[in-house]
Amino acid sequence: MTAVLEARGLTKRYGRRTALRECTLSVPEGRVVGLVGPNGAGKSTLLQLACGLLTPTSGTLSVLGGRPGSGPAQLARVGFVAQDSPVYKGLTVAEHLRLGAKLNAGWDAALARARIDATGLDPAQRAGRLSGGQRAQLALALALAKRPELLILDEPVAALDPLARREFHQALMAYVAEHGISVLLSSHLVSDLERTCDHLITLVGSRVRLAGDVDELLATHFRLTTARRDPGSLPGELTVVQAQHTERQSTFVVRSMIELRDPAWRMEPIGLEDLVLVHMAARDTAAPAASRQEARS
Ligand SMILES: Nc1ncnc2c1ncn2[C@@H]1O[C@H](COP(=O)(O)OP(=O)(O)OP(=O)(O)O)[C@@H](O)[C@H]1O
């Protein structure tokens, strides 16, 4: 399957600070990819590298088979909405649409108007007078009307109220279903991502901690509860991601590629939010072997 984004040993440094370290990833096309991780993990840096606003310090990155930002044709294939939904404060909503039409050869004026109508934005309103959420809606409309093959969104719903957030995700999903594009979006709201995304990348401490299709990640992570025992006594097929103990009982979050049955323990599936939080909390331990292999494949 063609990769929308392919990174090999991707490293980005700002002076002496390393924002991304040796990241290797392959994201299949047609996915809605959630990018999660703690503050400062490198998410915005990865997204800005993918749309060509930054260049790697070392390693390689290919997006839709080309080098990010390598020319007008490549730029036209990628839509990007930065974290603070940048718009021109002095221009009205309608003027933004006219500017978009001038700057983008593949501009879909009907789509842009439909998005503005659907979000209730006043075309005569200056962007500087829009609320944060309204600016985010305008920025999304502009990015979609480019008709990109890959849409990159950096925390697109951070400024939206819960209802607007739900509408934003529904509109995005409807667009993806109709046009079959790929989406890469970062967010701290994992419960939203659970509804929207079918692929997940977790960055922790500038590295890829976990990457894969959500179904596969959920099918291979479990919570095990047993009488107190040492993690070393668990079967070798298990990778322990988290271990917690009381005097009598041990609870492990494990990753397992095979189905395990043992009357001595209770084994339950875990949700995506728990899965992400457990991996984020395990920042000081090595990534589980399976995800290191996955990142290399
Ligand atoms: N322009 C810059 N100059 C120097 N350091 C930077 C710059 N941009 C980012 N960094 C540093 O790089 C690291 C990664 O930052 P980045 O913004 O990519 O993280 P993030 O995961 O998007 O964080 P957040 O969730 O807080 O938005 C951080 O340590 C940050 O301080």
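Predicted model: local features only at pLDDT ≥ 70, side-chain atom pairs only at ≥ 80, totals over all residues.
The protein chain contains ten helices and 13 strands. Its radius of gyration is 21 Å, close to the 19 Å that the globule rule gives for 297 residues, so the chain is as compact as a globular protein of that length. The C-alpha trace spans about 65 × 40 × 35 Å along its principal axes. Of the 297 residues, 39% count as buried. Contacts reach across the sequence. Among those between residues at least 6 apart, 70% join residues at least 24 apart.

Helix α4 covers residues 109-119, and its buried residues are A112, R115 and I116. Seen down the axis of α4, these buried residues fall within an arc of 95°, so they line one face of the helix. The face turned away from the buried side carries the exposed residues A110 and D117. The buried residues of α4 pack against two other helices, α3 (93-103) and α5 (132-145). G120 follows α4 and has a positive phi, near 75°.

The loop between α4 and α5 holds A124. This residue is exposed, with 9 other C-beta atoms within 10 Å; the cut-off for an exposed residue is 12 or fewer. Leaving aside residues up to four places away in sequence, A124 touches T92 and A94. A124 and R195 are 71 residues apart in sequence, and their C-alpha atoms are 34 Å apart in space.

R147 is partly exposed, with 18 other C-beta atoms within 10 Å.

Helix α6 spans residues 162-179. At 1.5 Å a residue, its 18 residues should span 26 Å, and the end C-alpha atoms are 26 Å apart, which agrees. F168, H169 and L172 are the buried residues of α6. They cover an arc of only 95° around the axis, which puts them on the same side of α6. L163, Q170, A174, A177 and E178 are exposed on the other side of the helix. The cover over the buried residues of α6 includes strand β7 (182-186) and helix α7 (190-196). Just after α6, G180 takes a positive phi of about 60°.

S206 is found in the loop between β8 (199-204) and β9 (207-213). Its phi is near 75°, again a positive value in a residue other than glycine. S206 is buried, with 21 other C-beta atoms within 10 Å; the cut-off for a buried residue is 20 or more.

L218 belongs to helix α8, which covers residues 214-220. With 17 C-beta neighbours inside 10 Å, L218 counts as partly exposed. Residues up to four places away in sequence aside, L218 touches P269 and L272. L218 and S233 are 15 residues apart along the chain, and their C-alpha atoms are separated by 24 Å.

Technical notes. Residues numbered from 1 in each chain as written. Helix = DSSP H or I, 4+ residues; strand = E, 2+ residues; numbered from the N terminus. Rg over C-alpha atoms; globule rule 2.2 N^0.38 Å. Contact = placed C-beta atoms within 7 Å. Expected span 1.5 Å × (residues − 1). Arc of directions from axis to C-beta.
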